Amino acid sequence: PVCSMGTSSSRFYSALAKTLSSGAVSQHQDCLEQPDSARLDPIDPKELLEECQMVLQKRPPRFQRNFVNLSKTTASNHRPIRVMQWNILAQALGEGKDNFVQCPMEALKWEERKCLILEEILTYKPDILCLQEVDHYFDTFEPLLSRLGYQCTFFPKPWSPCLDVEHNNGPDGCALFFSRERFQLVSSTNIRLTAMQLKTNQVAIAQTLKCNETGRLFCIAVTHLKARTGWERFRSAQGCDLLQNLKSITQGAKIPLIICGDFNAEPTEEVYREFSNSSLNLNSAYKLLSPDGQSEPPYTTWKIRPSGECQHTLDYIWYSQHALNVNSALGLLTEEQIGPNRLPSFNYPSDHLSLVCDFSFNQDPDRLL
């Protein structure tokens, strides 16, 4: 059942329970943008957040996370650009394939879980939002986020595992959202990643944006690499392919770059080293939270499956360290907050933590690599 709520945006939100059939989704899956929703009345984000909290009133309150100030430079003359990276856990996989043995099925109900996801997004108010495992794009995220002022793009996996689950909502994929008020879209590229010259089931979206306040160009990319142990060389090849594409799009790093992704790779893997050592001069933003600025967080995902407990660092926000500064980053949840049953839970909607960073442009736009 969906809560009955009174305002026009509430009625629109409640209507989202009528999800599109997977057939309807497949008809649209190649669309770059869905402009119709953007022409509908805007939604007040505070009002939508209150509605989400009404739906969630029987659940425990959301976890408190604080931003850590990382800026070592003088204040920038423009507002920081807030970027959010998050594998939100595909609904079909959470309910049908992932076997979170300590997570009650009740905690995975979409009507409430989507409100937890939206609450997280609305709380941190990113200017750019990069999501993986999105299988409710057309019936939830695109209609709502477009009315919150975002331009929306979705690129599904060619053979999504969600389609193997009964009563699925179509394929999952990567989605990229940016504030129409803050940025203009210059170019957009959907990339189907290759490995060993073979097209793979993993994808990326790369968009060149123009910042309306500064006039500066930058590229934002989102990806989700192949999962599971034993596929390390495959991930490495996918990473090389993505880097080659991004070198072309950024004209060899002349255009600053931010890459968000679930890489399914620990920092010890080859694909991590490829990004660290790339000619694009990338750094991983969350390393800056460590005392020496050189170590990744101890985990970005923590779950319990039938095979045992899985605690890994797999999610990253890479950035052009010559052109961009990381002003702050959102601290991760502590083990105590996560709790003994790990993720997902009644408190938190995904098995992956969201990563959020505030970026500013280097004040010298002509600074060389």
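**The open sheet and its helices**

Analyst: In this predicted model, Gln 85 has Leu 355 of β15 as its bridge partner. The pairing that brings in β15 is antiparallel: strand β2 (residues 81-87) and strand β15 (residues 355-361) are joined over 5 bridges.

These two strands belong to an open sheet of 7 strands, ordered β1-β14-β15-β2-β3-β5-β4, with mixed pairing. At the edges stand β1 (67-69) and β4 (150-156), each of which pairs on one side only. From one strand to the next, the twist averages 20°.

Two helices lie across parts of this sheet. Helix α6 lies across β1, β2, β3 (128-134), β14 (324-330) and β15, and runs at about 165° to β2. Helix α7 (residues 137-147) lies across β3, β4 and β5 (173-179), at about 160° to β4.

Helix α4 (residues 45-55) packs with α6 (residues 110-124) at an angle of about 140°, their axes being 9 Å apart. The crossing of α4 past α6 is left-handed. From α4, the contact draws on Pro 45, Leu 48, Leu 49, Cys 52, Gln 53 and Val 55; α6 contributes Glu 111, Glu 112, Cys 115, Leu 118, Glu 119, Leu 122 and Thr 123. By class, the residues of this contact comprise 8 nonpolar, 2 polar and 3 charged.

Notes:
Residues are numbered from 1 along each chain as its sequence is written. This is a predicted model: local features need pLDDT of at least 70, side-chain atom pairs count only at pLDDT 80 or more; totals for chains, interfaces and linings use all residues. Side-chain values use heavy atoms; hydrogens and water are left out. Axes are lines fitted to C-alpha atoms, for helices over the stretch in contact, and angles run from 0 to 180 degrees between N-to-C directions. Helices (H or I, at least four residues) and strands (E, at least two) are DSSP runs, numbered from the N terminus. A crossing is left-handed if the near helix is turned anticlockwise from the far one by less than a right angle, and right-handed if clockwise. Contact means heavy atoms within 4.5 Å. Ala, Val, Leu, Ile, Met, Phe, Trp, Tyr, Cys and Pro count as nonpolar, Asp, Glu, Lys and Arg as charged, and the others, Gly among them, as polar. Two strands pair if DSSP finds at least two bridges between them.
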